[in-house]
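Hi,

Here is the structure I said I would pass on to you. Have a look at it first, and my notes on what turned up follow below.

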Amino acid sequence: MRPGEKARTGLGAQIVLKLADDALLPQGTIIYADRYFMSPMLCIQVLRRSWHIVGTCQPNRKGFPKGVSLPAKGERGAIKTGYCTKTGVRALCWRDNKPVHMIATTGPLTTTQECKRRGVAKKGEKKTTITCQMPT
């Protein structure tokens, strides 16, 4: 970005793009980021460079795909997904102890996996197994 030029992305997105450009990443590379750096606008910028990105994201970020509703409070391990056809960004909300929102530009959101969780489950059990879907 040049002095006086208006930023098209946030600071976190600028950092990710600068690091990726400096590393000379080949086409098809998948970048993983946490919610501080991740935004739907970053996803669009990454797709323009022929890369992909996956990461957690705040659902109130500008451009977050609509229709990704929160699973019911009692549905631990439940998942809701959404897709923006205009930008190619997929979004999901997975219910753990708290909701976890993710966005990605690659892969279907249908892989099912068993996860072991600690905590009180049923009648004093220390561990429980839940089924969850993960982006691939």
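**What sits around H2**

The buried residues of H2 are covered by, among others, H1, E2, E4 and strand E5 (99-104). The residues of H2 that are buried are Pro 40, Leu 42, Cys 43, Gln 45 and Val 46. Please keep in mind that this is a predicted model.

**The chain as a whole**

To get your bearings: the protein chain has two helices and seven strands. Going along the sequence, they come in the pattern α-β-α-β-β-β-β-β-β. Of the 136 residues in the protein chain, 35% are buried. If you take the contacts between residues at least 6 apart in sequence, 40% of them join residues at least 24 apart.

**The two helices**

How do H1 and H2 pack, in angle and in distance between their axes? Helix H1 (residues 11-22) and helix H2 (residues 40-48) meet at an angle of about 20°, and their axes are 9 Å apart. Angles under 35 degrees count as roughly parallel, so H1 is roughly parallel to H2. Their crossing is right-handed. On the H1 side, the contact is made by Ala 13, Val 16 and Leu 17, and on the H2 side by Leu 42, Gln 45 and Val 46. Sorted by type, the residues of this contact are five nonpolar, one polar and no charged.

Not counting residues up to four places away in sequence, Leu 42 touches Ala 13, Val 16, Leu 17, Phe 37 and Ile 53.

**The cores**

Leu 42 turns up again in the largest nonpolar core, which has 19 residues. Met 38, Leu 42, Ile 53 and Ile 103 are the ones with the most contacts inside this core. Which elements give two or more residues to it? They are H1, strand E1 (30-33), H2 and strand E4 (89-95). H1 gives the most, with four residues. Apart from this core lies another, of six residues, including Leu 92, Trp 94, Met 102 and Ala 104.

**A buried histidine**

Strand E5 also holds His 101. Is His 101 buried or exposed? With a relative accessible area of 14%, His 101 falls under the 20% cut-off, so it counts as buried. Leaving aside neighbours within four places in sequence, His 101 is in contact with Gly 55, Thr 56, Cys 57, Pro 59, Phe 64, Leu 92 and Cys 93. One of these, Leu 92, belongs to the core of six residues.

Most residues other than glycine have a negative phi.

Leu 24, in the loop between H1 and E1, has a positive phi of about 55° although it is not a glycine. Its relative accessibility is 71%, so Leu 24 counts as exposed.

Ser 50 is not a glycine either, and it has a positive phi of about 65°. At 33% relative accessibility, Ser 50 counts as partly exposed.

That covers my notes, so over to you.

Cheers

Key
Residues are numbered from 1 along each chain as its sequence is written. This is a predicted model: local features need pLDDT of at least 70, side-chain atom pairs count only at pLDDT 80 or more; totals for chains, interfaces and linings use all residues. Side-chain values use heavy atoms; hydrogens and water are left out. Axes are lines fitted to C-alpha atoms, for helices over the stretch in contact, and angles run from 0 to 180 degrees between N-to-C directions. Angles under 35 degrees count as roughly parallel, over 145 as roughly antiparallel, 65 to 115 as roughly perpendicular and the rest as oblique. A crossing is left-handed if the near helix is turned anticlockwise from the far one by less than a right angle, and right-handed if clockwise. Contact means heavy atoms within 4.5 Å. Ala, Val, Leu, Ile, Met, Phe, Trp, Tyr, Cys and Pro count as nonpolar, Asp, Glu, Lys and Arg as charged, and the others, Gly among them, as polar. A nonpolar core is a set of buried Ala, Val, Leu, Ile, Met, Phe, Trp, Tyr and Cys residues joined through side-chain atoms within 4.5 Å. Buried means under 20% relative accessible area, exposed over 50%, partly exposed in between (1.4 Å probe, protein chains only).
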